Amino acid sequence: MTFKIAGIMAVVGLISLPALADMFTPSHACSKPFKPYQFNSQWELDRFNNDVQSYRRCITDFVEEQNDEADRHRNAANDAIDEWNFFLEYELN
């Protein structure tokens, strides 16, 4: 019986998580490089390629940071559910 209650509470807890999420969506501050119609020198091409690589690194870093934060939030939610389930199973019985 307590496992059914624990399961129900876990589902209710997971459903309500989006309501507790941050009210804003973060965005990156990466700058896209401007590609000219044509390159007039090797230096311009090299500069553009370096800017493209910098943009890629910036986007990749942002995505990794957001994924790390999502993992941290998911772990916190799972820890809370585990705490609740432990409470139901061992402290109420």
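The tour below goes through salt bridges and then surface patches.

Keep in mind as you look around that this is a predicted model.

**Stop one.** Select Arg47 and Asp51, whose closest N and O atoms sit 3.7 Å apart in a salt bridge. Both belong to helix 2, four residues apart, or about one turn of the helix. Arg47 is partly exposed at 46% relative accessibility, and Asp51 is partly exposed too, at 31%.

**Stop two.** Now pick Glu69 and Arg72, where the salt bridge spans 2.8 Å from N to O. About one helical turn separates this pair, because the two are three residues apart in helix 2. Arg72 counts as exposed because its relative accessible area is 52%, and the cut-off for exposed is over 50%. Glu69, with 32%, is partly exposed.

**Stop three.** Select Asp71 and Arg74 next: their salt bridge has its closest N and O atoms 3.3 Å apart. They are three residues apart in helix 2, so about one helical turn lies between them. Asp71 has a relative accessible area of 38% and Arg74 one of 46%.

**Stop four.** Colour Asp61, Glu64, Glu65 and Asp68 to see a negative surface patch. Asp61 is part of helix 2 and is partly exposed at 48%.

**Last stop.** Which residues make the nonpolar surface patch of about 270 Å²? Select Trp84, Phe87 and Leu92 to show it. Trp84 lies in helix 2, which covers residues 42–91, and is partly exposed with 32% relative accessibility.

Conventions:
Residues numbered from 1 in each chain as written. Predicted model: local features only at pLDDT ≥ 70, side-chain atom pairs only at ≥ 80, totals over all residues. Heavy atoms only, no water. Patch = residues over 30% accessible without salt bridge, like charges linked within 9 Å, V, L, I, M, F, W, Y side chains within 5 Å. Areas by Shrake-Rupley, 256 points an atom, 1.4 Å probe, with all protein chains shown as cover. Salt bridge = Lys/Arg side-chain N within 4 Å of Asp/Glu carboxyl O. Buried < 20%, exposed > 50% of the residue type's maximum accessible area, 1.4 Å probe, protein only. Lys, Arg positive; Asp, Glu negative; His and termini not counted. Charge placed at Lys NZ, Arg CZ, Asp CG, Glu CD.
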